[in-house]
Amino acid sequence: MPTPRLAAGAHGRDIPPTAGLPLRWNDLLPGGPADLEAHVASWLDVPALQLECSGTSSLVVSLLTLARRSPRKTVILPAYTCPLVALAVHHCGLRLKLCDLAPGHFDLDPAALEAACDDDTLAIVVTHLAGRVADTGAALRCAARCGAAVIEDAAQALGARRNGRSVGQDGDIGFFSLAAGKGLSIYEGGLLLARDPALRDELRATSARTVGSRPGWEARRSLELLAYALLYGPRGMRLAYGNPQRAALRAGDPVRAAGDDFSLDIPIHRVGRWRRGVGARAARRLPAFLGDARERARRRLERLQDLPGVRVMQDTAGGDGVWPFFMLLLPDAQTRQRALDRLWGAGLGVGPLFVHTLPDYEYLRPIVADAPVPHARDFAARALSITNSHWLDDERFEAICRVLAS
């Protein structure tokens, strides 16, 4: 008989799975500043940022730009990452090649990456997963050897730094996500970063050439942003997130419960002025918000690290990441499953980050070939995320720790 889950959120509450910046009513007023990209670029101390309608769209623009520079067709991805990354490669008509992870870590395995690179490699994607700062060294060495580009997927890491510099600047291109639940959100959005001025110009030209206005999609995103502003909180999340998640779990559909079920059709369109203004206003509060999240994480890390058999993912050398949630690695798949049986769906912001490796999603099988990626499969089977939301109080955090300790 399966272990019973903890009761769903008390008093009709569900804690968000990530520490996203809540919007305020005055963020939503019309006529806001249109300097979202410039303001965030100034904060990150980078030359410029380019706004796209999603992190996925940012990756599409990046890949199309690189493909115009080269006849190469292969993009190397970590085998454990968001399914949208694979969909972006497919959207661009490029070939996807998977790379295994380092044992017990989310970084690319250097030996596997070396073997995967060849004279058809267009780009290597490195992921700063869960706000943690990844090791880009192996990708940079392999890219230099084979003539490929390095793209840093920092979708979950806006504000993370390495040696004092924003992530996204080690490689040729970096991108951040402004999706729902991210540190800064306009419901869906993405910010592109490139070190080289000529490449920045090419990214802008690609966007101008390929991204249309599509007013219907922008109207939909604007309504979704209004709903997000209203519902992003413990009470609203029960209606918008917790109840659908529990229904999916009851139906035996973990992919839907984790939100990993994406359409193969990627909406690509321009972001309207109103959503830019909402993001620009909220961005003024982001540094202080991330600072509070970092301090909250610091206090709770010691408790998590004391749990028997639990490993908390940390930054690589020189890294200073952000803390939307904690990413834990449990001793084995059976222990992780027992934890999920108790905690997933209990309204405490606990669950798997991604349910599977890319080749193990049934709906991706037409575009992602199976591959021997044992370390990635092991990581997927043992990984667990715990929200770092300010709405997760000490009592509920301790309840999570007691379940993991048991």
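Helices (H or I, at least four residues) and strands (E, at least two) are DSSP runs, numbered from the N terminus. That numbering is used throughout this walk through a predicted model.

Start with Lys182. This residue sits in the loop that links β8 (173-177) to β9. UniProt, in an unreviewed entry, lists Lys182 under "active site". Is Lys182 buried, partly exposed or exposed? Its relative accessible area is 21%. Buried means under 20% and exposed means over 50%, so Lys182 counts as partly exposed. Its contacts, setting aside neighbours within four places in sequence, are Gly20, Leu21, Ala155, Gln156 and Ser177.

The model has 1 cavity of 30 Å³ or more. The volume of this largest cavity is about 60 Å³. Which residues line the largest cavity? They are Ala48, Leu49, Gln50, Leu192, Leu193, Ala194, Arg200, Leu203 and Arg204. Two elements, β9 (190-194) and α6 (197-210), each give two or more residues to this lining. By class, the lining holds 6 nonpolar residues, 1 polar residue and 2 charged residues.

Now turn to the strands. Strands of a sheet pair through backbone hydrogen bonds, either parallel or antiparallel. Strand β4 spans residues 121-127. How many of its residues are buried? The count is 7 of 7, and the strand is mostly covered. β4 runs parallel to β2 (residues 74-78), with 3 bridges joining the two.

An open sheet of 3 strands has the order β7-β6-β11, and its pairing is antiparallel. Why do β7 (165-166) and β11 (319-320) count as edges? Each has a single partner strand, so one side of each is left without a neighbour in the sheet. Strand β6 covers residues 161-162 and pairs with β7 over 2 bridges, in the antiparallel sense. Within this pair, Arg161 has Ser166 of β7 as its bridge partner.

Conventions
Residues are numbered from 1 along each chain as its sequence is written. This is a predicted model: local features need pLDDT of at least 70, side-chain atom pairs count only at pLDDT 80 or more; totals for chains, interfaces and linings use all residues. Side-chain values use heavy atoms; hydrogens and water are left out. On a 1 Å grid over the protein atoms alone, a cavity is a set of points where a 1.4 Å probe fits but cannot get out, and a pocket is an open set with protein on both sides within 12 Å along at least five of seven lines; lining residues have an atom within 4 Å of a point. Grid points are joined across faces, edges and corners, and a volume is the space filled by probe spheres set on the points. Ala, Val, Leu, Ile, Met, Phe, Trp, Tyr, Cys and Pro count as nonpolar, Asp, Glu, Lys and Arg as charged, and the others, Gly among them, as polar. UniProt positions are given in the numbering used here, feature names are shortened, and annotations may be inferred rather than shown by experiment. Buried means under 20% relative accessible area, exposed over 50%, partly exposed in between (1.4 Å probe, protein chains only). Contact means heavy atoms within 4.5 Å. Two strands pair if DSSP finds at least two bridges between them.
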